[in-house]
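Biologist: I'd like to go through the side-chain contacts in this one. Can you put it up?

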Amino acid sequence: MRFFYILFLGAFMTLSAQEFNYTIPETVQQYIDQGADCLKNKEEGCLDFFEQAIQEAQRIDTDSLEAITYYDIGDQIYRLGNVQDLIHYTTRGTQLDGNKHPYTTHRLYRDLGYGYSKLAIVDSLFTIYERAFYWAKVANDTSG
């Protein structure tokens with residue numbers, strides 16, 4: 001019986017979570033992909049592509065697209081780059097108005113916590129994860 005309760009609870013939490021569904025315009029995505037390829041190939045100047053993606057996102061839209069761009073850049077850096085760059089980009093994303101995109105802000109703070117965890121900087125984690133939890137509640141996201 002306990003197994004079925006846990007299974008039901010897991011399914012309920014999955015259904016109640018807000019979907020993280022977004023589309024990055026092709027012009028922005030191209031820069032992100034170029035930056036990711038650059039990191040994969042261990043080339044120089046990879047962050048320049050990410051900066052171009054951010055500039056393009058700012059040109060197209062207000063800070064909601066910019067926040068999603070920071071999140072996506074952070075995801076690429078988390079997989080392929082170094083932790084200091086992950087912290088740099090996710091911090092910049094958290095400085096935008098989270099009320100316009102609470103779900104993305106929650107994810108940015110969560111990834112920022114991952115970065116600090118990887119560097120074993122534990123004194124900052126409580127505040128970061130407290131903010132991540134706050135934005136998750138605002139976004140009604142129970143998945144994280």
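Biologist: Which residues form a disulfide?
Modeller: Cys38 and Cys46 do, with their sulfur atoms 2.1 Å apart; a disulfide here is a pair of cysteine sulfur atoms within 2.5 Å. The count by this rule is 1 disulfide. This is a predicted model, where local features need pLDDT of at least 70, side-chain atom pairs count only at pLDDT 80 or more, and totals for chains, interfaces and linings use all residues. Residues are numbered from 1 along each chain as its sequence is written, and side-chain values use heavy atoms, leaving out hydrogens and water.

Biologist: Why is the disulfide of Cys38 and Cys46 left-handed?
Modeller: Because the torsion about its S-S bond is about -75°.

Biologist: Are Cys38 and Cys46 buried or exposed?
Modeller: Both are buried, where buried means under 20% relative accessible area, exposed over 50%, and partly exposed in between (1.4 Å probe, protein chains only).

Biologist: Salt bridges next. How many does the structure hold?
Modeller: It holds 5, each a side-chain nitrogen of Lys or Arg within 4 Å of a carboxyl oxygen of Asp or Glu.

Biologist: What does Arg92 pair with?
Modeller: Glu51, with the closest N and O atoms 2.7 Å apart. Arg92 is in helix 5 (residues 83-94) and Glu51 in helix 3 (residues 46-60), so the pair ties together parts 41 residues apart in sequence. Helices are DSSP runs of H or I, at least four residues, numbered from the N terminus.

Biologist: And which residue does Glu56 bridge to?
Modeller: Arg59, at 2.6 Å between the closest N and O atoms. Glu56 is buried at 13% relative accessible area, while Arg59 is exposed at 60%.

Methods. Helices (H or I, at least four residues) and strands (E, at least two) are DSSP runs, numbered from the N terminus.
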